[in-house]
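Hi,

Here is the structure I promised to pass on.

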Amino acid sequence: MDVLTAFKIHVYLIELEFRSTFSAATTFALFKAYGIPSISSLFVLTNQLAGPPLASSKRYADTGALLLEAVLNEPGSGRSVEAITRINYLHERWRGKRKGKGIRDEDMLYTLSLFALEPMKWVKKYEWRELSM
């Protein structure tokens, strides 16, 4: 299977077949990422979740918008590349630069894996059928 075919299947699953499940699983993946000690300590340090009342809502909305742009636009397209570039830019200042308080590479990979794997787990557990290979 080529990348474009895989992309089309992925979009179909997200937008049509398992829309609610993918949405809930992605939200839960983001919540799980907040439980990583190095990330949660950064949220405390930056007041990202406990600051002004709308700060956490804005962060959630911004994260969702950037992830959707990255995932629902064709790989390598301008919108997809710009979203990924923006995500990297927003996280760069916190990556390993604060003596034990930065985001480690393992944390970045774990978080990305949550967004990739959590929806599959949820489909298997809650939907009428499993995903096929």
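Starting with the contacts (heavy atoms within 4.5 Å): of those in the protein with a separation of 6 or more, 61% are between residues 24 or more positions apart.

Before you read on, a word on the source. This is a predicted model, where local features need pLDDT of at least 70 and side-chain atom pairs count only at pLDDT 80 or more, while totals for chains, interfaces and linings use all residues. Residues are numbered from 1 along each chain as its sequence is written, and side-chain values use heavy atoms, with hydrogens and water left out.

The overall picture: the protein has six helices and zero strands (DSSP runs numbered from the N terminus, H or I of at least four residues for helices, E of at least two for strands). Its C-alpha atoms fill a box of roughly 45 × 35 × 30 Å along the principal axes. Of its 133 residues, 26% count as buried (under 20% relative accessible area, with exposed over 50% and partly exposed in between, using a 1.4 Å probe and protein chains only).

Now the aromatics. Rings of Phe, Tyr and Trp (its six-membered ring) pair if their centres lie within 6.5 Å; planes under 30 degrees apart count as stacked, over 60 as edge-to-face and the rest as tilted. The count by this rule is three aromatic pairs. In one of them, Phe-28 and Phe-31, the ring centres are 6.3 Å apart and the planes are at 35 degrees, so this pair is tilted. Both residues sit in helix α2 (residues 19-34), three residues apart, which is about one turn of the helix. Phe-28 is partly exposed at 33% relative accessible area, whereas Phe-31 counts as exposed at 56%. Ring pairs also tie Phe-28 and Phe-31 into a cluster with Trp-122 and Tyr-126.

The other spot I looked at is Asn-73, in the loop between α4 (55-72) and α5 (78-92). Is Asn-73 buried or exposed? With a relative accessible area of 17%, Asn-73 is buried. A polar atom of its side chain lies 2.9 Å from the backbone oxygen of Glu-69. Apart from neighbours within four places in sequence, Asn-73 is in contact with Phe-7, Leu-68, Arg-79 and Ser-80.

Cheers

Definitions and conventions:
Polar contact = N/O pair within 3.5 Å; in protein donor to acceptor, adjacent residues only side chain to side chain.
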